[in-house]
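Take a look at the fold below.

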Amino acid sequence: MRIATVEQLGGDPVLSSGPAPKLGPDEVLVRVRAAALNFADLLKARGEYQERQDPPYVPGLEGAGEVIRAPSGSGLAQGDRVAVLSPGTLAEVVAVPAAACLPIPATMSFEQAAGFQIAYGTSHLALTHRANLQPGETLAVLGAAGGVGLTAVEIGRALGARVIGVARGADRLEVVRAAGAEAVIDSADRPDLKSALRDLGGVDVVYDAVGDSAGEAAFRAMRPGGRFLAIGFAGGKPPVLPLNHALVKNIAIHGLYWGGYSVLDPQAMSSSMKALFTMFQEGRLNPVVGEAMPLERVAQAFDLLRSRRSVGKIILTM
């Protein structure tokens, strides 16, 4: 079968071939049809992720496909369409624990399902469980055109918030507006993000997937009682937040590492995912597949992720 492999840290993955995986006693064999890239994949390939993985290894954290074989009692059968949440999804066939497979709605494509769990799970858990976002509040999403940012825009709108999307470029901002943002800010045209957000009335919740100076600027535009969500640092480094402002304005700062909830609070994680699939089936969510390309172009896909030029999720098909 074809697989992508990171041979050395700092390098792009390469396409190779290898034998199908051996199936353990409690594992499910899945024919992967699509797999998503996440920013964590890029950090792992650099050796900068919190959960280090030494090369050579197969990248990819999530995907979707069809069950080839499943153990009795797993609730799965041959031909079932499932989303997979497990390391090593950039391969045509994977062997994963049954708990890593989640049946997907018939109306959800493999491309949509491949990138659904991490991005939507992150945003839903952050906005509901951590920030307690309320209808009528104002949510600012930094990196709003990215794979995770667009989900925050969609979910924020579905929860009844007024959403301000911040991204770079008119074309990307059109996608952000279509996802539900009431207002958008082009970071290329408005370098003073603090003033731009204040001109729009300030914000109650900041969803920061960018970090660096953008995160600090958005923090300074927050209203009293606001909640700041540290989601990621696509801008290169964490923001330097003035904690005296947090004290005086009673602002709460929340970090959100979605994967950590599998240990911290698995029930919250499970409930969140059930709510998300319900929202999808009700037509309240429309996952955007920004770029879909064959596995042979895996190096190009990583470069696209690295450059932050993509809109929505980057999906590799096989």
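Buried residues make up 51% of the 318 residues in this chain. Buried here means under 20% relative accessible area. Keep in mind that the model is predicted.

The overall dimensions come next. A compact globule of 318 residues would have a radius of gyration near 20 Å. The chain has 19 Å, so it agrees with that expectation. Along the principal axes, the C-alpha atoms fill a box of roughly 60 × 40 × 35 Å.

Eleven helices and 15 strands build the chain. How much of the contact set joins residues 24 or more positions apart? Counting contacts with a separation of 6 or more, such residues account for 66%.

Now the surface. The chain exposes about 13500 Å². Carbon and sulfur atoms supply 51% of that area. As for charge, there are 30 positive and 31 negative side chains. The centres of these two sets lie 3 Å apart.

Finally, zoom in on helix α4, residues 147–158. From its first C-alpha to its last, α4 reaches 17 Å. That is close to the 16 Å expected for its twelve residues at 1.5 Å a residue. Is α4 enclosed or open? Nine of its twelve residues are buried, so the rest of the structure largely encloses α4. The buried set holds the glycines G147, G149 and G156, along with L150, T151, A152, V153, E154 and I155. Just after α4 comes G160, which takes a positive phi of about 95°.

Methods:
Residues are numbered from 1 along each chain as its sequence is written. This is a predicted model: local features need pLDDT of at least 70, side-chain atom pairs count only at pLDDT 80 or more; totals for chains, interfaces and linings use all residues. Side-chain values use heavy atoms; hydrogens and water are left out. Helices (H or I, at least four residues) and strands (E, at least two) are DSSP runs, numbered from the N terminus. The radius of gyration is taken over C-alpha atoms; the globule rule is 2.2 Å times the number of residues to the power 0.38. Buried means under 20% relative accessible area, exposed over 50%, partly exposed in between (1.4 Å probe, protein chains only). Contact means heavy atoms within 4.5 Å. Accessible areas come from the Shrake-Rupley method with a 1.4 Å probe; for residues, only the protein chains shown count as cover. Lys and Arg count as positive and Asp and Glu as negative; His and the chain ends are not counted. The place of a charge is taken as NZ of Lys, CZ of Arg, CG of Asp or CD of Glu. The expected span of a helix is 1.5 Å times one less than its number of residues.
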